[in-house]
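Student: Can we go through a structure together? I'd like to pick a few residues and ask about them.

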Amino acid sequence: MAKKENSEEIYNKARQVISGGVSRNTVFRMPYPNYANSASGCYITDIDGTVRTDFANNMAALIHGHSFPPIIDAVIEQLKKGTAYTLASEIEVAFATHLIERVESFERIRFTNSGTEAVMAMIKASRAFTGRPKIAKAEGAYHGTYDFAEVSQMADPSNWGKEDQPSSVALAHGTPPCVTKDVVIYPYNNIERTLNILDKHAEDIACVIVDPVPHRVGLVPGNDDFIEALYSWTRKNEALLVFDEVVTFRVNYGGAQENYSVKPDLTSLGKIIGGGFPVGAVAGRADVMQVFDPHEKNLLLPYSGTFSANPITMTAGYQAMKYYDAEAVKQLNLLADVTVKQIREVIKLTDVPVSVTGAGSMFRMHLRPNPPTTYREAYLDKEGKKLVNELLDYMYYKENTLMINTFSCMLSTVMTQKEIDQLTEGLHRAFTAFKPRIQKLNKDNYE
């Protein structure tokens with residue numbers, strides 16, 4: 001029998017055929033990534049035999065953890081019938097009906113293949129409906145890998161400009177200059193500055209994009225008055241208010257938008273609605289969604305996709321969301337509350353300047369005593385990023401705990417108090433070990 005290769009050996013081969021050795025930068029780690037062998041519930045076993053507790057859940061996509069039996073059983077049954085056809089599938093209708101019944105603002109829906117594609121479709125639909133070219137998005141907010149959605153996602157002090165007029169900064173080298181000209185950047189949760197910025201482009205803005213709990217901005221929920229101000233501005237100026245709930249749909253039964261009195265015109269979805277398979281969706285007002293309708297004599301937005309609404313994803317997603325019912329949402333959010341409370345106790349016991357932000361079943365830790373309220377406050381310099389990476393490596397290699405690369409966690413319904421205790425005990429050891437460096441970082445940056 002041939003010797004089984006370890007992760008390092010596989011990675012050395014991967015570098016010869018895959019650019020950088022990985023197709024997702026999020027799975028890369030120095031000196032090489034580990035390769036998964038199997039996963040069940042909230043545990044992953046790599047091919048080297050190490051078992052880790054998964055608090056990343058494939059970047060917040062697995063609401064029921066790995067290999068959830070109802071999903072596995074339903075998908076196996078569908079696999080026997082086929083994976084994709086140039087025909088519609090009945091399960092698409094059932095799943096669409098479920099989501100529309102679940103969320104007040106959803107009148108019509110279209111499925112896509114990823115969160116990035118959903119945001120892209122949402123932007124294009126907004127332009128098609130309004131006939132306007134520009135979009136407005138929050139500084140630092142992540143909305144996938146579409147050129148326009150990427151603008152100012154990783155702006156830094158060298159290029160982000162004044163706070164009352166943030167610069168539009170391209171992410172990828174070679175992005176056409178015309179892209180940044182059509183993206184207006186606003187500071188999240190700052191009403192006065194944001195409205196002043198939007199007013200300067202009022203006649204050209206098709207939509208204002210909002211992530212109601214933007215991860216990269218600091219995982220800080222949008223204030224009620226801020227969201228209401230954006231809604232009022234879009235009504236006054238005949239633009240659309242659109243929500244990116246690719247990550248945040250897990251926050252409540254009806255998504256994070258359930259927390260607000262106003263409702264978006266369109267919403268992009270992804271991650272948990274795929275049940276572990278690639279997925280995206282755009283949902284919202286029927287009149288806006290009509291831009292996709294092939295019945296129209298003047299079709300404003302022709303839109304398709306080889307694997308859009310494929311029956312495997314639809315089957316898995318329908319099962320995932322059926323089991324993520326109101327009671328499951330409530331219980332998972334309560335578990336997250338317990339987790340955050342325990343983390344704050346650990347912070348107090350170890351006396352480190354660390355704070356926690358989040359909503360629903362997701363939270364993020366910041367190496368500063370007071371939670372950030374803006375992207376610029378949440379921004380980490382080179383030393384801060386290095387320290388976060390070392391803390392993540394400590395948790396990964398020493399505590400066998402996998403977290404998201406912003407020092408964040410996304411819980412799954414299969415987790416119990418046992419895993420929460422493991423996480424917080426590991427953080428206690430990590431904060432104790434790194435305390436002098438965390439203190440130094442704060443002295444250099446925040447005192």
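This is a predicted model: local features need pLDDT of at least 70, side-chain atom pairs count only at pLDDT 80 or more; totals for chains, interfaces and linings use all residues.

Student: Okay, Arg102. Where is Arg102 placed?

Tutor: Arg102 belongs to helix H4, which covers residues 90-102.

Student: Then which backbone oxygens lie by a polar atom of the Arg102 side chain?

Tutor: There's the backbone oxygen of Tyr253, at 2.7 Å. There's also the backbone oxygen of Tyr324, at 2.5 Å.

Student: And what does Arg102 touch?

Tutor: Not counting residues up to four places away in sequence, Arg102 touches Phe249, Tyr253, Gly254, Met321, Tyr324 and Val329.

Student: New topic. Which helix has Leu79?

Tutor: Helix H3, residues 69-79.

Student: What nonpolar surface patch is Leu79 part of?

Tutor: Leu79 makes one with Ile72 and Ile76, of about 240 Å².

Student: Last one, Glu9. Where is Glu9 found?

Tutor: In helix H1, residues 7-17. Glu9 is partly exposed, with a relative accessible area of 30%.

Student: What is Glu9 in contact with?

Tutor: Lys3 and Lys4, leaving aside neighbours within four places in sequence.

Student: How far apart are Glu9 and Tyr32?

Tutor: They are 23 residues apart in sequence, and 9.5 Å apart in space, C-alpha to C-alpha.

Methods
Residues are numbered from 1 along each chain as its sequence is written. Side-chain values use heavy atoms; hydrogens and water are left out. Helices (H or I, at least four residues) and strands (E, at least two) are DSSP runs, numbered from the N terminus. A polar contact is a pair of N or O atoms within 3.5 Å; within protein, one must be able to donate a hydrogen and the other to accept it, and residues adjacent in sequence count only if both atoms are side-chain atoms. Contact means heavy atoms within 4.5 Å. Patches are made of residues with over 30% relative accessible area and no salt bridge: like charges are joined within 9 Å, nonpolar side chains (Val, Leu, Ile, Met, Phe, Trp, Tyr) within 5 Å. Accessible areas come from the Shrake-Rupley method with a 1.4 Å probe; for residues, only the protein chains shown count as cover. A salt bridge is a side-chain nitrogen of Lys or Arg within 4 Å of a carboxyl oxygen of Asp or Glu. Buried means under 20% relative accessible area, exposed over 50%, partly exposed in between (1.4 Å probe, protein chains only).
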